[in-house]
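This report walks through a fold from its strands to its helices. Keep the structure in view while reading.

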Amino acid sequence: MRLRSGARHYADFALWREGNEITLLQNGQAYFPALCEEIDQARYSVHLETYIFNLDETGYGILRHLSQACERGVKVRVVVDGFGSFEHIPELQRRFSAMGAQFRVYRPEPRGIGSYRFSLRRLRRLHRKVVVIDQELAFLGGINVHDDLVDVPIDGYGPKPRFDFAVRVQGPVVNDLRDAQVALWAKMAWRQRENWASFYKRLRSWRRRRGGVSDRAKKGAGSLRAAVLFRDNVRYRKLIEHAYISAINRATQYVLIANSYFLPSRALKKALQDAAARGVCVRLLLQGRSEYALQFRACRSMYGTLLEQGIEIYEYLPSYLHAKVAVIDDRAMVGSANMDPFSLLLAREANVYIDDKDFARDLRLRLEAEIKSSSQHVTPLVWEKVSWWTRWLDAGAHALLRMGVALTGRSAEY
């Protein structure tokens, strides 16, 4: 996957896998029942990674299904992020230990007075949401273990679920997801370094078992061509961003992006502007409600420039938009990576890029339905009416976020 000359062409660095079966799942209403059904059918392993594992109705439900899997003798491994799941880690540790599951925390957050000490390492989070079951099927996307209706805005008409997507995958791409999970698990064990001999024994065992995957995963379960894109801090620092830029640069019909935290790099923003300039229909479905004020306002500070370039902007209004998906001509992207510096510069992310006309059409129609029924079109006329005070706050938020990016040494890219 070595890049050549930046992001000239995605085929230069894509690890395409043929023969996948991929099902699109919209919101937790579709995702969690599908996930629990597969956990219940697991024969020997469940490996779950998530940024947030919330102890709400959904979280307790997942715990019950994982506990039942442990009772059947299934090997269960769970990794949560130390910041995203901070509040619930002690209780999660207790519950997973009681059921016989293995549990690890990625970059545990300090408690007490240590929590006030700043370190750039604390910004490097595990943001991907990946579950691999029996090494032959997987789930990935943007959905945390978090109830869709908890902590969402209520306008007097009842809560509306977060708008998000995930996919259920069978086929060769599952092997790539499995290898990434196992590598991170081994790395976390190495960091603990409690028993070096035991660690090396496990590492040798993993290397021997690495080729032992199911025939279904090797040969393929369907007809879709897809590639898993990772972002980490070593080998895949720019892979997701370059894939986006390359795809947008080649777009001839439309680019439709739904992203909850949209603060793209200069290169990514230029790719969008160039696409609009050559007649491609470029539409953005963005957050219409302020879940995190700093990111929300920083994103809005770019509206004027984007609108001047002919890019259409829509704000999702019924609830929080948490999706990180895109349709670019006949290809689709679904995953955990936002188009902001925290995802593209700091976090561990996982997206799946799908080269299939029918899948892309399905996702595009779902997004267009939300644009039509649940979104506000931010036209140049609408934007002109925004007060100077609001514009000043937006610009200030953008400046603050750029100061944060400067700590990474990449301020010139944003």
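Contact here means heavy atoms within 4.5 Å. Helices (H or I, at least four residues) and strands (E, at least two) are DSSP runs, numbered from the N terminus. With those terms, Tyr60, Leu63, Leu66, Ser67 and Cys70 in α2 meet Leu92, Arg95, Phe96 and Met99 in α3.

This is a predicted model: local features need pLDDT of at least 70, side-chain atom pairs count only at pLDDT 80 or more, and totals for chains, interfaces and linings use all residues. Residues are numbered from 1 along each chain as its sequence is written, and side-chain values use heavy atoms, with hydrogens and water left out.

**Overview**

The protein has 14 helices and 15 strands. Of its 414 residues, 58% are buried. Buried means under 20% relative accessible area, exposed means over 50%, and partly exposed lies in between (1.4 Å probe, protein chains only). Take the contacts between residues at least 6 apart in sequence: 81% of them join residues at least 24 apart.

**Strand pairing**

Two strands pair if DSSP finds at least two bridges between them.

| Pair | Sense | Bridges |
|---|---|---|
| β1 (residues 17-26) and β8 | antiparallel | two bridges |
| β8 and β14 (residues 349-355) | antiparallel | seven bridges |
| β3 (residues 75-81) and β4 | parallel | five bridges |
| β5 and β6 | antiparallel | five bridges |
| β6 and β7 (residues 165-170) | antiparallel | five bridges |

Strand β8 covers residues 224-231, and seven of its eight residues are buried. Two partners can be located on the model. Arg17 stands opposite Ala226 in β8. Arg225 has Asp355 in β14 as its bridge partner.

Strand β4 spans residues 102-106, with four of its five residues buried. Val79 is bridged to Arg104 in β4. Between β3 and β4, the chain passes through helix α3 (residues 89-99), and this β-α-β crossover is right-handed. In a right-handed crossover, with the strands pointing away from the viewer, the path from the first strand over the helix to the second runs clockwise.

Val131 stands opposite Phe139 in β6. Phe139 in turn stands opposite Arg168 in β7.

Strands β5 and β6 form a hairpin with three residues between them. Two residues in the loop between β5 (129-133) and β6 (137-141) deserve a look: one is Asp134, and another is Gln135. Asp134 has a positive phi of about 55° although it is not a glycine. Gln135 also has a positive phi of about 55°, again without being a glycine. Are they buried or partly exposed? Asp134 counts as buried because its relative accessibility is 3%. Gln135 counts as partly exposed because its value is 22%.

**Helix packing**

Two packed helices are described by the angle between their axes and the distance between the axes. Axes are lines fitted to C-alpha atoms, for helices over the stretch in contact, and angles run from 0 to 180 degrees between N-to-C directions.

Helix α1 (residues 27-41) packs on helix α2 (residues 57-71) at an angle of about 15°, with axes 9 Å apart. That makes α1 roughly parallel to α2. Angles under 35 degrees count as roughly parallel, over 145 as roughly antiparallel, 65 to 115 as roughly perpendicular and the rest as oblique. The α1-α2 crossing is left-handed: the near helix is turned anticlockwise from the far one by less than a right angle. From α1, the contact uses Phe32, Leu35, Cys36, Ile39 and Asp40; from α2, Thr58, Ile62, His65, Leu66, Gln68 and Ala69.

The axes of α2 and α3 come within 9 Å and cross at roughly 25°. So α2 is roughly parallel to α3.

Helix α9 (residues 293-300) has Phe296, Ala298, Cys299 and Arg300 buried. Its buried residues pack against β10 (281-287), α10 (303-308), β11 (312-316), α13 (380-384) and α14 (388-406).
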